[in-house]
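Open your viewer and keep the selection panel handy. We will go from stop to stop, with something to select at each one.

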Amino acid sequence: MVYEDLFSRRPDNKNSASEPHLLLEQIAAPVDRLAAFVGEMPVFVPLLSVLLAPFKHDISIAQFMGSQTQVALSVTEMLITSFVGFIAYQTLFVYFFGATPGKYFVGLRVVSVFAGKKPSFTMCLLRSLSIVFEFMLLGFPWLSAISHPQRRVLHDRLSDTYVKCLDRKKAVFAPLFVEKQLARNVQAPGWAFLLLAVAIFFNFVSSERRDLKLVKEYESVEQLCQPVTDAYQNWHSDIDPDPSRVAVALALYESQNIDDACLEKEAHFSLWRNQDKDLGYLALGLSLSNEDKKFSEYIDKVCKTDKGGEVCQFAMAVEAERSGVAVDLRLPASLEHGSGLSQMPEVHRDFIRLHIERQLHEHNQLSAALEVIEKSAATPNFADYLNLERLKIMWEMDRMLEARAAFQASRAHETGASRLQLSSWMCSAEVLSGCKNESKSACADFVADYDQLDNEPQSELVELNYIRAQKCVSAESLDYVNVGKKLFSDHAHDYLTALELVEDRKYGGARKLFKHIADQAESEEFQFQATADLVKLASTKIELDYFFEEFLSKDNLRAEPNFAFELFNKYLTLGDFDKVAAVGESLIKAFPYKTSLYTTLLKEAKKHKRVKFAQKIRLQFKKMMPLSTALESEKL
Amino acid sequence: MIFPLLKGLIHPLKIPATFLIVMVNALVFIACIESFDRSQDKIEKILSNREMLFTQGLVFSQFIETHPQEYHNQLRDFAKKTLAGDWHSAHQMGGLAIRNSSFMKNALEFKVDGNEIAVSGWRKHFKEIVALQKEHPSYYLGLNYDHNSLVNWLSYQFTHSGFSHLFWNMLFLILLGGFVESEVGTAVFVATYLASGLAGALSFSLLSGISAIPLVGASASISGLVGFAIIERWNQKIDFFFWLLPMQNYFGLTKLPAWILLVIFCLPDVAGQLSSVSEFGSIAYSAHLGGAALGICAGLIYRFWPATPVKAG
């Protein structure tokens with residue numbers, strides 16, 4: 001039996017099948033009750049849908065308006081109304097007619113076990129409430145229709161009723177042994193299923209709550225780009241205290257603080273709110289720079305709107321740069337030196353200067369880029385970004401002593417996240433050129449800054465640099481457990497595990513993890529580092545050549561040169577001059593001020609008697625550094 | 001499942017008007033299918049352009065802001081939200097715009113203040129849609145803001161938007177039309193059928209408002225026949241096919257009072273009308289209800305008309 005009837009006498013085992021203990025007549029067969037339940041639907045569903053219609057209406061609107069809170073509220077109201085509706089339907093039909101329409105159709109009646117006639121109103125109500133309770137248990141209690149000696153389901157027993165069949169021929173008696181056995185066998189998996197369903201339901205509810213929380217946050221913030229909102233609200237400037245929002249977005253875009261999607265949102269906002277439309281078109285053009293036609297269309301539109309003003313000049317310069325006409329940046333530079341810039345709002349000057357600086361940096365015009373940075377020193381809102389840029393440029397120009405001094409000076413007056421960014425970059429730059437005393441000092445600073453912001457998740461790149469820093473700072477073996485505690489990113493944890501595996505000489509596992517990071521890491525630099533580690537583990541020339549193919553497809557060497565340098569060193573060890581020359585030339589293109597690269601390549605050329613190549617390298621060196629005598633000793 | 005069989009399939013010669021109407025519907029469908037598919041595909045292709053839909057949503061939002069008196073609060077709020085930078089809503093607004101008659105009528109003359117490049121692209125696409133609608137059978141035969149003459153009030157009843165739409169309507173027409181025609185004669189049947197269609201169009205224009213999306217289909221007229229049949233038979237038993245369980249004795253034919261049709265057919269339409277939002281809905285419940293109401297009135301008149309012969313049973 002599925003549920004024991006507490007009020008009934010335990011039946012005698014021998015006679016239970018044929019001897020019900022209450023003399024009930026014409027007990028309805030379970031199959032008839034099931035048919036009655038199905039037959040209920042054509043009547044109950046239309047009635048219920050009329051009752052639920054207003055809630056459905058609200059849900060449609062709430063869904064359209066994107067208000068998940070309202071949807072959740074209406075669904076709850078709908079559920080409650082459904083139960084109330086069901087209780088009313090069951091109670092009233094059974095009380096007035098002795099059966100619901102479905103039962104009526106199949107020829108069943110609900111009868112009081114004591115009076116043998118229609119049940120009282122209380123009995124009907126109790127019966128309906130019990131059905132709702134059983135429904136919440138996914139209808140499992142209904143199984144007792146096939147196992148109970150009187151075929152009475154929980155709601156029948158609770159309300160002292162039973163279901164009578166009008167057709168004597170279709171009536172059934174107490175369940176047969178087979179039926180009881182069936183119910184018993186269904187019971188255990190039934191409860192297991194119910195538990196599983198409850199677990200799934202709670203999981204669903206908790207995830208819905210999470211979603212609801214997220215939605216609330218989403219509803220509470222502006223739908224525009226959050227970093228722009230933050231920068232706009234915290235904008236500090238004496239000259240221009242109330243800047244244009246889209247201009248702030250442009251400046252953030254040029255300082256690589258926001259991406260294309262974010263800039264596009266801001267551009268639409270400016271255009272459709274009719275605010276600074278020239279800048280709006282410029283921002284939209286820049287954000288769609290992957291689509292040539294649209295880019296040109298929007299940049300041209302800037303000039304139609306701005307009618308030859310500074311924003312137009314700037315837009316034309318950007319278009320010229322893109323088409324390769326003005327890679328030397330004459331136009332933006334002329335704008336910079338001209339009188340126009342000084343008359344512009346401060347934020348316009350900011351994004352134009354930031355753009356010029358970035359372009360100059362990208363085109364290896366490092367001294368000019370430094371000049372722009374010095375001119376922009378008064379820009380208070382982007383001082384942190386420019387400090388880091390200054391550091392990067394000095395480092396690339398091999399002016400390491402100056403860079404270290406600049407780092408110490410900037411670090412002294414920066415705080416929080418910007419200080420961490422600065423020290424993180426400095427440490428990684430030092431470590432990439434070898435873990436020496438200077439590197440240890442920079443990395444110790446970084447570790448101190450990182451530990452100060454304890455328990456704050458950082459970007460993948462900062463966490464990678466933390467591992468690099470700890471590796472360099474700890475003279476002996478790395479304390480994997482303690483370092484791991486400070487990391488939040490999964491990939492950083494994987495990377496740490498991979499390093500531990502390398503230390504334990506378990507290269508197979510380490511390779512798998514490095515490969516995973518190289519494929520999956522969010523940060524491109526992290527991907528490069530993992531690939532560099534794979535190159536380090538490569539033991540055959542075939543493996544190296546595979547990475548060489550990958551190297552040829554990369555064009556962002558400056559962001560993270562570790563991979564290329566690792567490949568370069570590996571080929572140097574193997575003595576494969578052609579590959580050394582190919583990788584070396586790419587490295588020179590990315591880092592034209594690295595004297596050591598020219599020296600190594602010249603030595604290799606001499607070793608392999610490649611006179612023409614050596615001449616080419618020497619010429620390139622003279623072009624980049626005409627006053628340097630660093631290669632004088634490397635005679636051909 | 002329960003389904004009214006009424007008198008089942010009746011010989012076509014006994015119910016000529018029903019079969020004539022079925023044939024007219026089928027012929028209209030066959031004649032229009034090619035141009036329907038062609039224009040529908042093109043319109044859907046244009047509307048699948050996210051940029052076009054996005055711009056249209058923003059233009060529509062501005063349109064609502066400049067014509068607030070024509071729109072209810074919810075739509076006005078939604079337009080505000082869109083223009084405040086909720087770009088996700090802009091796409092949804094773009095979808096709604098195409099259903100709005102006032103916007104469709106005036107959009108091309110409306111002075112838009114926004115991204116001019118996107119707007120000029122949108123105008124091009126919008127003109128294409130308007131041109132395609134002109135050759136779309138559902139538009140010129142259906143009932144919409146641009147085609148609102150008496151001819152359309154009649155022609156929409158014979159136009160369908162797809163094969164399944166036509167099939168189900170015709171199936172019910174054969175069962176219900178056959179029943180009514182055989183009971184009351186061709187003249188009363190045809191009058192009820194056409195008048196129910198007109199009443200459907202009237203209630204649609206009053207309750208939902210004639211929009212840019214055309215009203216098509218014989219559903220309103222068929223609802224009229226349902227209403228008529230309910231009143232004409234009311235408490236008398238009619239044949240239904242039922243299917244409760246896949247077991248012997250649990251499916252087959254049964255006799256139930258005619259008013260059951262009211263629960264099975266009319267209540268879902270009431271629920272649909274109460275729950276649907278006229279801007280988003282695709283089923284014209286209000287037309288069904290209008291048709292059914294006329295059918296009920298016609299049934300009452302027929303039933304209580306002094307000249308009506310009293311039926312046995």
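Across all chains, the structure holds four disulfides. Bear in mind as you look around that this is a predicted model.

Select A:Cys225 and A:Cys262: a disulfide joins them, with an S to S distance of 1.5 Å. This link ties together distant parts of the chain, since A:Cys225 sits in the loop between α6 (177-220) and α7 (226-233) of chain A and A:Cys262 in helix α9 of chain A, 37 residues apart. The angle about the S-S bond is -125°, a left-handed link. Both A:Cys225 and A:Cys262 are buried.

Next, pick A:Cys303 and A:Cys312, another disulfide, whose sulfur atoms are 2.1 Å apart. Here the link is right-handed, with 95° about the S-S bond. A:Cys303 and A:Cys312 are both buried.

Now move to A:Cys435 and A:Cys472, joined by a disulfide with S to S 1.9 Å. A:Cys435 lies in the loop between α19 (416-432) and α20 (437-452) of chain A, and A:Cys472 in helix α21 (residues 460-473) of chain A. Are the two ends buried or partly exposed? A:Cys435 counts as partly exposed because its relative accessibility is 41%, while A:Cys472, at 5%, counts as buried.

A:Cys165 is buried, at 1% relative accessible area. B:Cys297 is partly exposed, with a relative accessible area of 43%.

**Where the chains meet**

Show both chains together. The contact takes 40 residues from chain A and 45 residues from chain B. Between them, the chains bury about 3,700 Å², 69% of it on carbon and sulfur atoms. Highlight A:Phe64, A:Phe105 and A:Trp272, which supply 25% of the area that chain A buries against chain B, more than any other three residues.

For the charged pairs, the count between chain A and chain B is four salt bridges. One of them links B:Glu116 with A:Lys301, the closest N and O atoms being 2.6 Å apart. Then colour α1(A), the source of the largest share of chain A's side of the contact with chain B, 20 residues.

**Last stop**

Finish at A:Ser74, in helix α2 (residues 68-97) of chain A. A:Ser74 counts as buried because its relative accessibility is 0%. Leaving out residues up to four places away in sequence, A:Ser74 touches A:Phe55, A:Asp58 and A:Ile59.

Conventions. Residues numbered from 1 in each chain as written. Chains lettered and ligands numbered in written order. Predicted model: local features only at pLDDT ≥ 70, side-chain atom pairs only at ≥ 80, totals over all residues. Heavy atoms only, no water. Helix = DSSP H or I, 4+ residues; strand = E, 2+ residues; numbered from the N terminus. Buried < 20%, exposed > 50% of the residue type's maximum accessible area, 1.4 Å probe, protein only. Contact = heavy atoms within 4.5 Å. Buried area = accessible area lost by both parts, 1.4 Å probe. Salt bridge = Lys/Arg side-chain N within 4 Å of Asp/Glu carboxyl O. Disulfide = S-S within 2.5 Å.
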